[in-house]
Amino acid sequence: IYVKYDATGQSIKPNQMSQLSKPYPNPASKEVYISYSLSKPQNAVLEVYDIIGKRQYTQAIKNGNVGVVSIPVSQWKDGVYFIQLLADGKIVGTEKIIVKK
């Protein structure tokens, strides 16, 4: 069993944790969908970077809690990209996608 703890040492229940799901479809050619859940409604940022670290996409999430983001990838080159979700200045999660036409 995996248990997380907050700064005070209290255990965090799974429904209180922020997370980023696996993107789909993966590999993708036109669009990628990725769902997220945040431990509380808050502002967050979803960013996508290519393999050399260049940011390819940014989407602000205002007062979000749970949602799905659609990322258009049809104009991107074939390759590996990384989706990262940040909330409260901290990385919630990072997922890899492959763009293949």
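Q: Which residues touch the most other members of the largest nonpolar core?

A: In soluble globular proteins, nonpolar side chains tend to be buried together. A nonpolar core here is a set of buried Ala, Val, Leu, Ile, Met, Phe, Trp, Tyr and Cys residues joined through side-chain atoms within 4.5 Å, and buried means under 20% relative accessible area with a 1.4 Å probe, protein chains only. In this case the largest core has 21 residues, and L46, V69, I71, W76, I83 and L85 touch the most other members. This is a predicted model: local features need pLDDT of at least 70, side-chain atom pairs count only at pLDDT 80 or more, and totals for chains, interfaces and linings use all residues. Residues are numbered from 1 along each chain as its sequence is written, and side-chain values use heavy atoms, with hydrogens and water left out.

Q: Which strand gives the most to this core?

A: Strands are DSSP runs of E, at least two residues, numbered from the N terminus. Here β4 gives the most, with 7 residues.

Q: Is E95 buried or exposed?

A: E95, in strand β7, counts as buried because its relative accessibility is 14%. A polar contact is a pair of N or O atoms within 3.5 Å; within protein, one must be able to donate a hydrogen and the other to accept it, and residues adjacent in sequence count only if both atoms are side-chain atoms. The side chains of E95 and K22 make one at 3.3 Å.

Key:
Helix = DSSP H or I, 4+ residues; strand = E, 2+ residues; numbered from the N terminus. Buried < 20%, exposed > 50% of the residue type's maximum accessible area, 1.4 Å probe, protein only.
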